[in-house]
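Below is a short report on one protein chain.

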Amino acid sequence: YAEAVHGAIDITTLGDITAGAEGIYALAAGGGSVTIDLTGDILQSTTGISAMSADGAIQVDMTGDINSSGRGIFAQSANAAVTVNQYGTIQAGGDGIHASTTGDDDGILIEALKRYPGLECLYILDENGVQTTETYCSGAKLLRRPSPLFRPAPKGTDQSLKDYFLLIQAGLPQFASEPYISRASGSLCLTVSRVFESVDGRRCVLCADFDCGDVPGITPKPGC
């Protein structure tokens, strides 16, 4: 498990990994590169390898098998090259290998997080309440998580029953939630959602989580 607010991440490991969550999780939130070199198997994981960078290149080299309930290998950078070389068998409940350079909406969200330090997370929903981007979070805020069990929701998560989507669907152009404990960071936050139209004419909802843990007099409700 490795996160960097600034700088690169380099992981080299020899041997098998058995994990209840990710086998290897690496996030370079400040835009550094991520390099993972693994010889061995990853067993009983939710995701075998998760490698993400805001702007840097990602290189994953693995010799061994992966057995995971979710994705085998997830590698994503907003604006740089992503290379995955895997020699072995992947048995996964989701994508065997997902490797992408996102740009577009994802790149815009990452740039916004860099520019506005009060933001905790940003993500976009489609007209059905399903995330069309990853949940991009402030690296500094994620480093303060009380437990690694708090994780940002991945692309494809159904958020259609959340109040910040339901009330937009009911006709509000913008909505601000009550404070709650974020499942992404474990901190006290509130979500502001707003309707916008994408460049190709799709109706979308921008969701922005703001850290309000330092605001006095706010009582959290259960995470949503």
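## Charged pairs

The side chains of Arg71 and Glu134 meet in a salt bridge, at 4.0 Å from N to O. A salt bridge here is a side-chain nitrogen of Lys or Arg within 4 Å of a carboxyl oxygen of Asp or Glu. Helices (H or I, at least four residues) and strands (E, at least two) are DSSP runs, numbered from the N terminus. The model is predicted: local features need pLDDT of at least 70, side-chain atom pairs count only at pLDDT 80 or more, and totals for chains, interfaces and linings use all residues. Residues are numbered from 1 along each chain as its sequence is written, and side-chain values use heavy atoms, with hydrogens and water left out.

Both Arg71 and Glu134 are buried. Buried means under 20% relative accessible area, exposed over 50%, and partly exposed in between (1.4 Å probe, protein chains only). For Arg71 the relative accessible area is 18%.

A search of the whole structure finds two salt bridges. Glu22 and Arg151 meet through their side chains in a salt bridge of 2.1 Å, N to O. Glu22 lies in strand β4 (residues 22-28) and Arg151 in the loop between α2 (139-142) and α3, so this pair ties together parts that are 129 residues apart in sequence. Glu22 counts as buried at 19% relative accessibility. As a general point, side chains of opposite charge can pair when their charged atoms come close.

## Around Arg71 and Thr46

The loop that holds Arg71 runs between β9 (66-68) and β10 (73-77). Leaving out residues up to four places away in sequence, Arg71 touches Thr46, Thr47, Gly48, Ala92, Gly94, Asp95, Glu134, Pro154 and Lys155. Contact means heavy atoms within 4.5 Å.

Thr46 is placed in the loop between β6 and β7 (47-53). With the same exclusion, the contacts of Thr46 include Gly20, Glu22, Ser68 and Arg71. Thr46 and Glu22 are 24 residues apart along the chain, yet their C-alpha atoms are separated by 5.6 Å.

Relative accessibility for several residues named in this report is listed here.

| Residue | Relative accessibility | Class |
|---|---|---|
| Thr46 | 31% | partly exposed |
| Leu167 | 34% | partly exposed |
| Cys189 | 0% | buried |
| Cys204 | 1% | buried |

## Strands

Four strands form an open sheet in the order β3-β6-β9-β12, with parallel pairing. β3 (17-18) and β12 (90-92) stand at the edges, each with a single partner strand, so one side of each is left without a neighbour in the sheet. Two strands pair if DSSP finds at least two bridges between them. β3 pairs with strand β6 (residues 42-45) in the parallel sense over two bridges. Thr18 stands opposite Leu43 in β6.

β5 pairs in the parallel sense with strand β2 (residues 9-14) over six bridges, and Val34 in β5 is the bridge partner of Ile9. β5 also pairs in the parallel sense with strand β8 (residues 58-63) over six bridges. There, Met62 in β8 is the bridge partner of Leu38.

## Cysteines, surface and totals

How many disulfides are counted? The count comes to zero, where a disulfide is a pair of cysteine sulfur atoms within 2.5 Å.

Leu161, Leu166, Leu167 and Leu172 form a nonpolar patch on the surface, with about 380 Å² of accessible area together. Patches are made of residues with over 30% relative accessible area and no salt bridge; like charges are joined within 9 Å, nonpolar side chains (Val, Leu, Ile, Met, Phe, Trp, Tyr) within 5 Å. Leu167 is found in helix α3 (residues 163-169).

The chain has three helices and 19 strands. Of its 224 residues, 46% count as buried. Its accessible surface comes to about 10,500 Å², 54% of which belongs to carbon and sulfur atoms. Accessible areas come from the Shrake-Rupley method with a 1.4 Å probe; for residues, only the protein chains shown count as cover. Among contacts with a separation of 6 or more, residues 24 or more positions apart account for 56%.
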